[in-house]
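Student: Please take a close look at one part of this model, the aromatic rings and what surrounds them. I would like one connected account.

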Amino acid sequence: MAKPSGPERFVAATAHLDLKIQHMDQSTHTAEEAAAAVGAPVEAIVKSLLFLAGDNPILVLASGPNRVNPEALGSRLGAVLDKADAKAVKTHTGWSIGGVPPFGHPVALRTVMDEDFFTLDTVWAAAGSATAVFPITPTILKELTSAEVLSVV
């Protein structure tokens, strides 16, 4: 029996949420590609980026054009943040870089959400692969991730 794909695992982990997952014909691997694919501004694209504070993973949900400043964000969180490598991302989230969803991970992750999302009605996040995405309101995203809302830049 074949191992379930990333999107299939995300659908299984979030079946109770009735998300509107869309499978795209083009890549949504980068924020720019995702924005073009869904017809949204790049600001509406959720980048799910994993950082490590020592051995503790912290998922940062950053708006498409924003570059996370690990020093400034770490200062706000009282921790030293290092960007996780591909192996750590896969280990802690269950998905590969470019398809990491903001929730539905094997273990709940401490999550920080970019305050810039709250100027938008809808944001778009990865659904387990570089070609699957879903729309969600920033408020519901915050609730589902139990995120701390901060400036990430």
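Predicted model: local features only at pLDDT ≥ 70, side-chain atom pairs only at ≥ 80, totals over all residues.

Tutor: L59 stands opposite T111 in strand 5. Strand 3 (residues 56-63) pairs with strand 5 in the parallel sense, over four bridges. Strand 8 (residues 148-150) also runs parallel to strand 5, joined to it by three bridges; here D114 has L150 in strand 8 as its bridge partner. Four of the five residues of strand 5 are buried, which leaves the strand mostly covered.

Now to the rings. A search of the whole structure finds four aromatic pairs. One of them is F10 with F103, a tilted pair with 5.8 Å from centre to centre and 45 degrees between the planes. This pair links distant parts of the chain: F10 lies in helix 1 (residues 6-13), and F103 lies 93 residues away in the loop between helix 4 (86-93) and strand 5 (110-114). F10 and F103 are both buried.

F103 also pairs with F134: the ring centres are 5.7 Å apart and the planes stand at 70 degrees, so this pair is edge-to-face. The cut-off for that label is over 60 degrees. Again distant parts of the chain are linked, since F134 belongs to strand 7 (residues 132-136), 31 residues from F103. F103 counts as buried because its relative accessibility is 7%. F134 counts as buried because its relative accessibility is 0%. Taken together, F10, W95, F103 and F134 form one aromatic cluster.

Definitions and conventions: Residues numbered from 1 in each chain as written. Heavy atoms only, no water. Phe/Tyr/Trp six-rings, centres within 6.5 Å; stacked < 30°, edge-to-face > 60°. Helix = DSSP H or I, 4+ residues; strand = E, 2+ residues; numbered from the N terminus. Buried < 20%, exposed > 50% of the residue type's maximum accessible area, 1.4 Å probe, protein only. Pairing = 2+ DSSP bridges.
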